[in-house]
Amino acid sequence: MVSVHHNAMIVTGLLLASLAASEPQSEGIPFGKPTRERYFQFQPGFLNFNHGGFGATPRLVRQAQSGFVDQQEAQPTAWFASGGYQKILSEVRPRLAEMMNANSSDVVFLDDASSGLNAVLRSLPWQPQDVMLLTSAAYAVLPNTGKWLQKRYGIQIVQAEVHFPAKSAEAILEPVERALLKLPQPCKLRLAVFDHVSSYPPAILPVARLARIVKARCAETLVLLDGAHALGQVPIDMKQLAEAGVDAYVTDGHKWLMAPKGSGALWASRSIQDILEPAIISSDNAPTTKFQDRFDYIGTRDYTSWCAMGAALDFREMLGAAGGNMCFKQVLKAGHLVTTLNLVGVANHFVSNLAEST
Ligand SMILES: Cc1ncc(COP(=O)(O)O)c(C=O)c1O
C-alpha cells in the first residue's frame, strides 16, 4: 500500500518539479533550480519529493539555529535557567500564534506532532469503556497510542471508514456521522480526532464541520485535530475552529513551515489547558505549573529548533505570497494531468523534461 502512495507521490513530485522549472515568477524570489541550490542543502542532483515526511530546512533557518546553539554553549546556565531561550520563545510565540489566528497564551511549543498527539491523548482522564473516535485516514501515531490506551484503561476505539478520492465533504462527513449514530447513549465518546490534512492520501478534511457534528451528538466530547501537515501549507484559523468545537490542535514545524526538525506547536482551548501534560514531565513541572511553563521546559535538551521557528517565519515572508500561489497553481495543474492522462506516459514525459531543465 505504502509503495503505491509513494509512487503516486513521486509522479506528482516530478510533475511539480517540471512545472516549476517552466513557470515564470512574477514577484518575490525566483523559483526553481537556482533557488533550490541557493537556499537548500540538497545533494546535487537530488530532488526531494517527500517534503511532507520530514521537511527540508533552508540554509538561512539552519544558520539562525546555529546562532542559537552558539548562545546556548556560550552560557549554558543563562540559556536554560535564566530565561535565555525563553526570551526568544516569547518573541516567536506571538508570530506563530498569529499564523494560526490564535491567542498567543493558548499556544505551546512541541518537539513534533507525535509528542503533541501523545500529550493530549495520554493526559485525558480515560475511564473503562470510554470511546475514542478516529477515521481510517488517521496517521499511525493515533491508532498506536489508542491501542496503548485500550490496554491501559480499557477504552474502545471506533474507526470511521473514509474512502478516497472523496468527491465532496459529505464523503468524509457521512461515515463519521454514521459512526456517531451507532454510539450508545449516554455518550461515552471522550475524544474524536481528525486530520486537518491527511497523510495517505493527502486530503484537506472538512474539520470545522466534523467538529460541529461531533459536538451536536455528544456535547462533552473533546475534539482534537492533527494538523501535522497544515502549518505553512493551508490556513489555520483557530478562532473559527474553536467556535466549531475544536478543543486542541497539534501541528508540525519541520514539514511545511520548513522550521528545523524538533519543532511543532499545540493550541489548546482554555478549558482543557489545566489537564494537559507534555509527553515528558520535567523537574520544573510541579502540578501547579502554568500551561505554557509546563510545556516550555521538558528537561535539558536542544530548544534551538523552537527558537528557529522565527527564522522559518522570516523565510516564508521572504518567499512572499507569490510562491505559495504559484505552488498551489502547479499542484492543481499536476493533479489535473495525473487524473486525466496516462500516468506512466506523463511520468516518462516529465522525467525526460526534468532531466533537461535541472
Ligand atoms: C498526519 C500526520 N500526523 C502526524 C505525523 C507525525 O509527525 P512527526 O513524525 O513529525 O511527529 C505525521 C507524519 O508524517 C503525519 O503525516
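**View 1. Helix H7 passes helix H8 in a right-handed crossing.** The model shown here and in the other views is predicted. H7 spans residues 113-123 and H8 spans residues 141-153. The two helices pack at an angle of about 30 degrees, and their axes are 10 Å apart. Angles under 35 degrees count as roughly parallel, so H7 is roughly parallel to H8. From H7, the contact is made by Ser114, Leu117, Asn118 and Leu121. H8 contributes Val141, Leu142, Thr145 and Leu149. By class, the residues of this contact of H7 with H8 are five nonpolar and three polar, with no charged residue.

**View 2. Helices H9 and H10 cross in the right-handed sense.** H9 covers residues 170-182 and H10 covers residues 207-217. Their axes come within 10 Å and cross at roughly 15 degrees. H9 is therefore roughly parallel to H10. On the H9 side, the residues that meet H10 are Leu173, Val176, Glu177 and Leu180. On the H10 side they are Arg209, Leu210, Ile213, Val214 and Arg217. The contact of H9 with H10 has six nonpolar residues, three charged residues and no polar ones.

**View 3. Seven strands form an open sheet with mixed pairing.** The strand order is S1-S7-S6-S5-S4-S2-S3. Strand S1 (107-110) and strand S3 (156-160) are the edge strands, each pairing on one side only. From one strand to the next, the twist averages 20 degrees.

**View 4. Strands S2 and S4 pair in the parallel sense.** S2 consists of residues 131-135 and S4 of residues 189-195. Three bridges join the pair. Met132 stands opposite Leu191 in S4.

**View 5. Helix H9 lies across strands S2 and S3.** The helix runs at about 145 degrees to S3. S3 is one of the edge strands of the sheet, and S2 stands between S4 and S3 in the strand order.

**View 6. Residues surround the ligand.** The surrounding residues include Gly53, Asp112, Ala113, Ser114, Tyr139 and Val141. Also around the ligand are Asp195, Ser199, Asp226, Ala228, His229 and Asp252. Sorted by class, this shell has four nonpolar, four polar and four charged residues.

Terms used: Residues numbered from 1 in each chain as written. Predicted model: local features only at pLDDT ≥ 70, side-chain atom pairs only at ≥ 80, totals over all residues. Near = placed C-beta within 6 Å. Nonpolar A, V, L, I, M, F, W, Y, C, P; charged D, E, K, R; others polar. Axes fitted to C-alpha atoms, helices over the stretch in contact; angles between N-to-C directions. Helix = DSSP H or I, 4+ residues; strand = E, 2+ residues; numbered from the N terminus. Parallel < 35°, antiparallel > 145°, perpendicular 65-115°, else oblique. Left-handed = near helix turned anticlockwise from the far one by under 90°. Contact = placed C-beta atoms within 7 Å. Pairing = 2+ DSSP bridges.
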